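Reader: I would like a close look at one part of this chain, and then at whatever can be said about the parts around it. Plain wording will do.

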Amino acid sequence: MLSNAATVSLWTDTAQVPAFAPLAGDTSADVCVVGGGIAGLTSAWLLLREGRSVVLVDALQPGAGETGRTTAHFFPPDERYFNIARRFGDGRAHLLHDSYERATSLVESIVHEERIACDFRRLDGYLVPAGARGARVIACEHECTGRLGIPTTRVPRVPGLAWDTGQALCFHNQAQFHPVKYMAGLVRAIERLGGRIHGDTRARDVDGSNVVTEKGTVHAAAVVVATNTPFNNRFVLHTKVAPYHSYVVGLQVPRGALEPFLLWDTGDPYYYVRLDDARAARPFDILVVGGQDHKTGQESMPRHRWDTIEAWTRERFPQAGEAMYRWSGEVMEPADGVAYLGRNPADRGNVFVITGDSGNGMTHCTAGAMLIADLVAGRANPWVPLYDPGRMPLHGLGEFTREQANVMAQYTDWLQGGELASPDRIPPGEGALIREGLKLMAVHRAEDGKLTFLSAACPHMGCAVHWNSAEKSWDCPCHGSRFDIAGQVLHGPSNAPLPPAQLGSSK
């Protein structure tokens, strides 16, 4: 499997999604799906089941994007139900819960119907207090879920742990699975249903109902953009979502030392935990712990994030042994706490988007596919106004304003000198911004000393990229585009690579 970064997740290390040939010239279908993660694959499966022809294209290969770099929880919204109810009202908070429940149930039914061996299981999840307001958050969430009829139970502590978590809120009947095994099963089902999948086919533009790729154009009646963040809009949605990087550590624990559970806390930064106890060849389980989120492209030396997660884990889980995995992933945070799922406001009514997944990608992506399947079929769906991508972030205006100020501040890189005076000062295997006259270059030094000079300007909106020493990538601190050391796109919204820098006089 192709990887979109230097690190390898537990999921991509233990399963593979089949690879597919690129698109070979123009073609047509009822629907073109762009993106081969859980959002795109679920959309394709649902649409095929309704008798529509589907072509799915992915810039890398199905399963090579962010879905394989999650921790694959199905749990309540990161934003908390009481915040959603305060911003949108109880009615829409209940709709959010309904979408989460139905999305999780759909995944469960697909697993059974398609006989996908992906370690899906239902289990309890626990919200535990952290920080000065932790106990208050637990109390507010319990009161709100009770008012909305969402089954939760306050418990003195999470059972079965040596760590005294303090009073926690149990959300019953949550879920987890192996995301790459699930995507592999979806791919097989899509092929059986007659869907056409093409890897190594980057979409460059959506022109009406045509998806223009590097390898040909897909003519379709409807388009689903399921690329974590839309590549086909320059402004409309990117001002309403903010890119964040989240870090994960997978540590050995003795087989059976912990019962499977989900856990997440109220801290800032916060932590989230699950156990992978798949009965594989290995004689141990893996405790998967994530957190330490920060804005993408705004942490050049992030390795300490993994160290902090590991220290936090060892303090609370004495069973933790060797750290076997370290990886990171990118999530898109919506300004008002609710994802953007549905008709793309910048296009005609036949282009749909799934973005703003926050830390609930498995749930939001599945709910988004369900909603879009209804819209394509012309069916009413009660979630439409809740998730409307065209809504203004009035309920998150403060967060929206802060994020826009943060974005504008990043453009000051163009007014400053480079990070180092000369490429000679870049250590092997690392990168840095180097100024030559009026030009700012992204320069990487390979282990053998070879230098790669790229323009530092992100093709999306001109922000200067920053070096990510952990994932060996160039990351845009404005809207979250990421590029490999050769400048090729790893993650949008940019749909074009970083061009080579023109060396020499900048006059």
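Reader: Where is the place of Pro-493?

Author: Pro-493 sits in the segment after β24 (489-491); strands (E, at least two residues) and helices (H or I, at least four) are DSSP runs, numbered from the N terminus. The model is predicted, with local features given only at pLDDT of at least 70 and side-chain atom pairs only at pLDDT 80 or more, while totals for chains, interfaces and linings use all residues. Residues are numbered from 1 along each chain as its sequence is written, and side-chain values use heavy atoms, with hydrogens and water left out.

The bond that joins Gly-492 to Pro-493 is a cis peptide bond, with omega about 20°. Another cis peptide bond runs from Asp-268 to Pro-269, where omega is near 5°. Pro-269 belongs to the loop between β12 (262-265) and β13 (271-276).

Next come the domains. An automatic or database domain assignment sets the bounds: domain 1 is 10-69 + 180-239 + 337-396, domain 2 is 119-175 + 240-334, and domain 3 is 416-491. Taken over C-alpha atoms, the centres of domain 2 and domain 3 are 33 Å apart. Contact (heavy atoms within 4.5 Å) involves 14 residues of domain 2 and 15 residues of domain 3. Between them the two domains bury about 1,100 Å², with 50% of that on carbon and sulfur atoms; this is accessible area (1.4 Å probe) lost when the two parts are put together, summed over both. On the domain 2 side, Gly-297, Arg-303 and Glu-330 lose the most area to domain 3, and together they make up 34% of what that side buries. Zero salt bridges are found across this interface, a salt bridge being a side-chain nitrogen of Lys or Arg within 4 Å of a carboxyl oxygen of Asp or Glu.

On a 1 Å grid over the protein atoms alone, a cavity is a set of points where a 1.4 Å probe fits but cannot get out, and lining residues have an atom within 4 Å of a point. Strand β21 (residues 466-468) gives the most, with three residues. By class the lining has one nonpolar, six polar and two charged residues; Ala, Val, Leu, Ile, Met, Phe, Trp, Tyr, Cys and Pro count as nonpolar, Asp, Glu, Lys and Arg as charged, and the others, Gly among them, as polar.

The second largest pocket (an open set with protein on both sides within 12 Å along at least five of seven lines) holds about 160 Å³ of space. Of its 17 lining residues, His-97, Glu-101, His-172, Asn-173 and Gln-174 lie nearest the centre. Both α4 (90-113) and β6 (168-176) supply at least two residues of this lining, and the largest share, five residues, comes from β6. The pocket lining divides into nine nonpolar, six polar and two charged residues.

Of the 27 salt bridges in the whole structure, one is between the side chains of Arg-49 and Glu-113, at 2.2 Å from N to O. Arg-49 lies in helix α2 (residues 38-49) and Glu-113 in helix α4, so this pair ties together parts 64 residues apart in sequence. In the loop between α4 and β4 (121-128) is Arg-115, which is not a glycine and yet has a positive phi of about 55°.

Definitions and conventions:
Points joined across faces, edges and corners; volume = space filled by probe spheres on them.
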